[in-house]
Structure formats: structure tokens, C-alpha cells
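Hi,

Here is the structure I promised to pass on.

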Amino acid sequence: MSFTAWAHSHARSILFLLGTLALAGAVASFSLPVGLFPQVSFPRVRITLDAGDRPAEQMTVEVTTPVEEAVRAIPGVRNLRSTTSRGTSEISANFNWGEDMVSAMLQCQSQVNKILPSLPSGTLFEVERMDPTVFPVIAYSLTSDSHSLIELRDLALYTLRPALSTVSGVARVSVQGGRVEEYRVTVDPDKLQSFKMTLAEVASALSASNVLVAVGRLEQYDKLYLVVSDTRFRKFDQIEHTVLRSTPDGVVLLDDIATVEHSAEPQWVRVTADGHDAVLFQVYQQPSGNTVEIARGIKAKLREIRKQIPDGVKIADWYDQSDLIIASEHSTRDAILIGMVLAAFVLLIFLRDWKVTLIAILTVPAVLAATIVLLYVLKMSFNIMTLGGMAAAVGLIIDDAIVMVEHIVRRVRGMREGDPRSRVLSAASEFTNPLAGSSAATIIIFTPLAFLSGVAGAFFKTLSLTMAASLIISFIVAWLAVPILCANLLKRKDAEVEERGRFTRRVHEVYRENMQRLLRQPRFVIIFLVPLLLIGFVAFKNVGSGFMPVMDEGGFILDYISPPGTSLAETDRLLRHVESVLQETPEVQTYSRRTGLQLGGGVTEANTGDFFVRLKPFPRRGIEEVMNDVRDEIEKHIPGLQVELLQLMEDLIGDLTSVPQPIEIKLYSDDEQLLRTLPPQVADTISKVRGVVEVKNGIVPAGDALNIQVDRVKAGLEGMDPEAVTKALSDFLTGNVTTHVQQGPKLIGVRVWIPRDARDTMRNIDNLLLRAPDGHLFPLKRVATLIPLSGQPEIMRDDLKRMVAVTARISGRDLGSTVSDVKRTLTKSGVIPNNVLYTFGGLYEQQQIAFRGLTIILIAAILLIFLLLLFLYESFRVAFAMLLVPIFAVAGVFFGLWVTGTEFNITSRMGMTMIVGIVTEIAIFYYSEFRSLPASDDRLILAGINRMRAISMTAFAAILALMPLALAIGHGAAMQQPLAIAIIAGLIFSLPLVLIVLPALLAIFDPKASARSHL
């Protein structure tokens, strides 16, 4: 008994098993994690170092270089990149893809800890690994006209954060903005001097008066008591009545020399939302969290605790990642449903039987459901890649069912003896080998993709795995389930339907006549191939190239930087104008702004920060057009403010890979002066290239500084050392948070300070009176000199070499042609001397890495296809002839991309690789029919006639099934649009290539077949 016969004898159990898998997939779809991106561990560790205030050059020598050398010794480190500023340094260690990043992070921590004793005293460091969870998944703003920023921050910290942290899948909730409450003790300098006291003594007295400490234990009356000394401040007026000094004349109280008031900590950051000062709280998910469920849980929790939120407080969401995910799910669902309906329409036209149409269409949801089970087992998630892979696989899934159904229908209608069930069984058994070979041709294409690394591999491995799983399951369903269903549903009257109509017969006659002419002189097939290759070559030279597909995510990031050293107040004034631009842009729904902070939570200088702008739902203008308008308005009306506009995915990938800009020209030199003069010239040169925007020369000076140089000898003559002078200055200029007062769940700091008008100018600082240990007073200018310093530029290093990176973004052009023009312009201008090494980094470098990997994969796929064909037919000539067909189809792919204006990027290259397998699959259908026919003079033509309907059905059904993706219907579809366009273009050209070119090639390469084909 053959396996097919055995399978049909167990039809009920097989159908039950497949039905159970489909049902399990439907159930698993509700518990599968949902996120925007695949769960990817990017091979990058970020080390942040803080060594106090010291010049960038000194920081580089004393801190950055030793840490770089220590980290460079870790196995797996591919390259290092560092940025050193005044007192701070950030080092990015990039590892090889596939490394265990938890282990890599721990090794980085260990290496820094080893050399920490040799670094300057007080050096602090932080090590973190990068993954997509560094960005929030949902974020809200708190604004109010009746409540202070202190109250709003307390509400976020002590009411909202604890409640929201309990939502399943939440890693942490961060709070940005607002004001931190403190008690301000403002000391009158004259009264302080009259009592011959210092700020340090006032602070010490306050600290000593606010104590809670265990002083011992007491055992009495069979009990053990803990003896606690509790002198804490419990009322506000207790602070004012703190005893500072006791003398024979009485006591000196705090309110004798100072005023105490409710205040807020000095603030060097500013946060707004929709034009109002705000507090933001941002929710971050765990790596395995479900973004959609987290968003639902957060919203439900906010409704639950609504009564705890005071009247007059407005809570608004300004970012919700689940919106894009849900929209992508809906667009995937719609794409699948539309594709199924269109494919069913094709089947009905060709087969004219609703039963077989239903059988073929039912395989799609069954296969997708079973694929979800596999995703669940492999601990994968629903994300923009897996959903896109499932939508793109619909056209290929239905192909397997179509060819099996078509073959069964043709055999059932073509044979008159025997009952329909036996005919179905015979047809299924006969078609097993062609179906297996053709399915293998498509599936093995995905094998090399498992070895793709880099950003492309991180994102597209999940897509390729999803599609490969779908195709494997599709083969099993088409091989087993489809024949079983056909055997049970097709009756005798279905077998009596006329196989060929008038139109079909006419098409076959035309095909036969033309193929007879061609096969008499098969070399004339070159007449078809030369124009195709020429068109493909022209398209290849003219099609634009990119990296990742551009997708309208419904919002964008606006990074900004005002001139170095700009105060927080002045930066805020400039940004109010930016907010006016956003408010006047009709597509903008809401926005939030951080100054001195970043969306990811990092603290920056007061002149830098970012906006997150959320756009209204469709219909509206495209996001690129909106971003260009906003950029133009800012550059026109707010000179001096540099901005970068980019979508969230681009910003996220840039932060994860430390290469956020598309264009990055890295200039290397040990000549510090050259690295200061050359980058502006390079930036000015490339800014003239069409499409290049937001050009930055890479020189980032820090803000100005006031350097106080203490003369050790003069300080010694006054009875003080430099450390004592520094401590006194810190008390005067920053204040001394000497103690804390507990109030409910929070601690409120008590800051001892002098009035603002005594420290707000350089002259006031020069005249600050310091008290020596013997009690005499002297002005600071007697022992120190104040020297204003202009900001030093940050120092960038790449693999231990000094480097400056000139960066730019692109608008209205593709990446490949723009960088080519940039290279041509730099070479022609000669602006970069011969002794300066320069390379291109940024997303362009990532594109080139990805393209090299995909080229190798394409070659590997072609070799695997050739090996498969050789295994199936054991003929080099036949295998080579059949391999030429998909290679010629690649020319059609380039033509399709060129005509539709689609970039040649990672996604379209994957589609091009897949078309090699798909066209080979169709070619196998043809050649399997050719081999099954008895020897005759017109066997090549007859094989084309017999397979014409199946090949046409698979091509048209796949094209129509992919059409919703190709038209980018719905959110998220744009990510897979280039892949769909590439496959559709290849399928369109596959029809004439398989039905016309392949017979001619077989006649050329296989003389025996050629001889038998002449009439």
C-alpha cells in the first residue's frame, strides 16, 4: 500500500489532527506575546562614565582611553566608539551578532571594575545592554491649571507609578519633569557674618537637629525595648526654631539669620506637553511582554484609580505603541481576507466549481493557524515581521493547494472509468513527487537566510522563519488534507463538467501554433531574452536603493540642539516657537517635549532634547510631507536651532546600533587642529548635494565654563586649603542639602543657601566672603582667579583612533544614489586631504553590510536550487536550463521595482531571493508534466498546454493575494510592500518564461527532447 493510499485510509484521523492544530493555533493566538519588533538582542553595550568636572582632553587620557583598552580585550568585541565631553564619557562596545549579551554586559562591568582603582577618585560608571525595550511602549502626560508641578510629580511618583507597575508585563515606569519639593533655608550673609558662622555650621546644626537613630536596648518587665532617639522635624516651624548656637547671652535660632520657605529643587530640565508645563510618565515593557495587553492593562488601571486623581488634573496619552501594532494586525487580517477572496475569484473563473474553490481557500486559515502554534512553541511573538510574513505567505500557501486541486480536477474530469474517489486517490499519488519537489524549491530558499546577521538578520529572520514554517505546513496540508477533502466532496457530476471551454481551446491553439514555430529554431528565444535582460539592466542602474522600508508610523521624533552654552530659559524660549509651528500644523494631534532629557530617559545638556509628535489618524498628508514642512518652518523662523526629524523605528534602530544618521562621513586624524577646521568644510561641501538635509559637522562644543583657580599659597596664608575653599564655594553656589524631612511616602530635602542676588554674577562670586578657621573673613578674589572658558568640543574616538563624524539626513531621495553623489562631490572637490583617512558609516554602512550578506545568500539560494534540480532529475543540462528561468525572472523584479518607484532595499532583496524559488517551483510543475507524458514529437508543447491552467492559476492567485500588501493597504503593510512588489513582478514574468522560454531552453540543452518536439 502506498503512503497516499494509507493516508486516505486514515482520512478521519488526519483531518482531526490538522483540525486540532488549527484550533490550537486559534487559541495560541490569544496568548502569544505581541510587540512592534521581534525580540532582538542587539550586540551593543553602552558604558557611561562620570568623573566630575574636568576638561575633555584630560578626561580622554585619564578615563576614556584606559576603559577602552580594558573593554577591547573582551572576546567578541568587534569595535569601540566613544564620545568624551567635559567630565563625562560614553563608550559603545559593539559585539559580534549572536553573542550572549548578558554575559557581554557582565564582562564589561568586570573589566571596568578591575581598572576602577586606577581611575580618578570618585569616578562613577554604568553599563547597560541595548534592546528594543529601551523605549517606552505607552506614555502619558499630566497637566493642570490648578495644581503645581510639585503636586503633579508627587501624583505620578506615589500614586500612578506603584499602581501601574503591577500591570503584567511592565518592567518599570519612569517619571520625567515636574518639580521636586524642598525646604529652602535662605541665609542672610550679613547676619551670618555678624554671628561669625559659616553655611557649613548652619547646615551641620540643622542635620544634628533632625535625627532618628537607635541608641540601645532596654530589658525590663520581661520585655525587650529598642531605645530610639527621635529628634525629627515634625512641623514646618520646628525648622525655623532650630538652635544653631548656644552662648551665655542666649541661643541663636535659625530664624535669627535665615528665612525658611517651601520651594523646589533647582531645575535644569524642562518638560512640556501640548504647550503646558507637564509631568510625563512612561511605561516600559519586559522583553517577553505583550505590548497590546500592557496598554490595555494600563488604561484599565488608570480608569480604576481615577477617583484618586484630583479634579483639574488632565491625563493625556501622547504615545501608544499598541495603536500601530493593532493597526498592523488589522491590516494583516484585511490583507489575508482580501487576498483569499481574490484568489477564490481566480479559482472560480478557471475551475468553475465552488467545491474545489472552497477546499483550496480553507487551507489558508488552517495553515496560518498551525503556523501560530509553531510560533508559540518557538517562543516567538506577533510583531510587524511575523504578521507581515504571514500576510506575504498567503499567496504561496494557496499555490500548493491550487496545483494539487487543479491536478486532481484535471485527472478526475479526464478519466471516465472508476469512481471519483479512486481517481482522486490516483491523482494525488501521481502528484506527490512534483508537489514535494516544487515545495522544496521554495522552502530551501529560506535556509541561507538563517545565517543572515546584522540589523537585517535581526529583523528579517523572524519573517523568513514564519514564511518557511507556513510553506512546510502548506505542503503537508496540500499533500494530505486537500486530496482527502476532494475525495469526499467531489461527486460524479463534478467529474462530468466539461474541462475546456471555447476560450481555453482558442488559447491552446494559439500557444501550439507559436510554440511549433519557436521550437523549429529554439535559439530564436534570444529575441525574447535580450530585451528582457536589457530592460532589467536599465532598471537595475536606475532603481533607487535604501536600507529599511519607510513606513508611516503615525508620529515622529524631533531632536534639537541650540547653540552650545545656551541657558535653559533661552532654549525654552526658542522651543516655544517650535511648539507654535507644531500647533499650527493641522496634522499634529499631540506632542511632548523634553529639554535636558531624552525620550530614552538619558540626561543631556540644557540646550538639547527632543519632541515626540503624534499625528492624527488618516486621512491626512503623509508623514514625510509633514516632517518636511515642519523642518522648513523651523529653519525659516528659528535660526540657530539645529533639528533632526526622524520616525521612531529609525530613531530606535539608530540608538540600538549607535549609527542613527543615514549619511556619516568619519574623518580620522591625529592632528587636532585639522579635525577642527576640516569637518565644517566637508559639511558645507555635501550640503550642496540634492536631497541632503540636516547636515552637521560633528564638532559639538560643550557649554562655556567659569574656571575658579585657587592659589594654594594664598589660600594657605589665609589658613585654608583648596578643598576647604571648594567646599565653601559649593555651599554658596549649589547649596547644601543637609537633611531630609519625612512627609508621608517621600523625603523632602532641606537646602541651606544664600540669596540669589548674592551669587548671580561673576562679580558677586568674586566678592563672596569666606571665613577662615580663625574666624577672619576674606573675599574669594584674594585667593582665587575666575577665568571664563569657552566650551571645548567633544572628543570622538573610533577603535581607539581620534575621529570626527560629519552626518546628514536624506529627504526626497533614496540612500544609494544620494551617497553616490556625496562620494562624487567629495572626490571632485578635493576638500579632504590625501593624508586624512575617511570612511562612510551610518545607515549606509549598515545597508552595504546587509546587501553583501543578502548577495551571498542569493548565490547560496541559487546553488541550493541547482542542487535540488540536479537531485530531482540527475541531469546537468536540464538543471541548468531550468535554473536560467528564475535568473531571468530577476530581471523582471528590477523592472517591477523601477516602474513602481520602489527602492531596492532589504525587503525587496528578500523578495528577489524568494522569486528564485517560486519560479523554480513553477518550472518544476512544467517539467514534471513533461516527464510524465509519453514520448512524442510535441511533448514540450503538450506539457505547456496541460500545465498552462495550473501555472496561470498559481501566478494570478498569488499576485492577487499579494496585491493588498503591494498597495500598502493599512498600517504596517509598507514594511512588506517592496517584498510583495518584487514577488508580483517576478510572477508576471514567470508566465512567459516558464511556458515559452523554458521549452526552448530544454530543446537547446536537451537535444533528445528537441528532436522529439519537431513536427
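Which strands and which helix do the buried residues of helix 19 pack against? They pack against strand 13 (270–273), strand 17 (555–561), strand 18 (588–595), strand 19 and helix 20. Packing here rests on contact, meaning heavy atoms within 4.5 Å. Buried means under 20% relative accessible area, exposed over 50%, and partly exposed in between (1.4 Å probe, protein chains only).

Before the rest, some ground rules. This is a predicted model, where local features need pLDDT of at least 70 and side-chain atom pairs count only at pLDDT 80 or more, while totals for chains, interfaces and linings use all residues. Residues are numbered from 1 along each chain as its sequence is written, and side-chain values use heavy atoms, with hydrogens and water left out.

The overall picture

The protein chain has 32 helices and 31 strands; these are DSSP runs numbered from the N terminus (helices are H or I, at least four residues; strands are E, at least two). Its C-alpha trace spans about 130 × 80 × 55 Å along the principal axes. Of the 1015 residues, 55% are buried. If you take contacts between residues at least 6 apart in sequence, 79% join residues at least 24 apart. The chain exposes about 43900 Å², with carbon and sulfur atoms supplying 57% of that (Shrake-Rupley areas, 1.4 Å probe; for residues, only the protein chains shown count as cover). On charge, there are 97 positive and 102 negative side chains, and the centres of the two sets lie 9 Å apart. Lys and Arg count as positive, Asp and Glu as negative, and His and the chain ends are not counted; each charge is placed at NZ of Lys, CZ of Arg, CG of Asp or CD of Glu.

The expected span is 1.5 Å times one less than the number of residues. Its buried residues include Leu568, Asp572, Leu575, Glu579 and Leu582.

Helix 17 (residues 502–520) has 19 residues and reaches 28 Å from first C-alpha to last, close to the expected 27 Å. His508, Tyr511, Met515, Leu518 and Leu519 are its buried residues. They fall within an arc of 95° and so line one face of helix 17, with Arg502 and Arg517 exposed on the other side.

Backbone spots to check out

- The peptide bond from Phe618 to Pro619 is cis, with omega near 10°; Pro619 sits in the loop between strand 19 (608–615) and helix 20 (623–637).
- Tyr221 is not a glycine, yet has a positive phi of about 55°. This residue is in the loop between strand 8 (212–220) and strand 9 (223–230), and Tyr221 counts as exposed at 68% relative accessibility.
- Asp799 also has a positive phi, about 50°, although it is not a glycine. Its loop runs between strand 29 (795–798) and strand 30 (801–810), and Asp799 is partly exposed at 26% relative accessibility.

Val737 is in strand 24 (residues 736–743) and is partly exposed, with a relative accessible area of 36%. Leaving out residues up to four places away in sequence, Val737 touches Gly749, Val750 and Arg751. The C-alpha atoms of Val737 and Gly749 are separated by 6.0 Å, with the two residues twelve apart along the chain.

Cheers

Definitions and conventions
The arc is that of the directions from the helix axis to the C-beta atoms.
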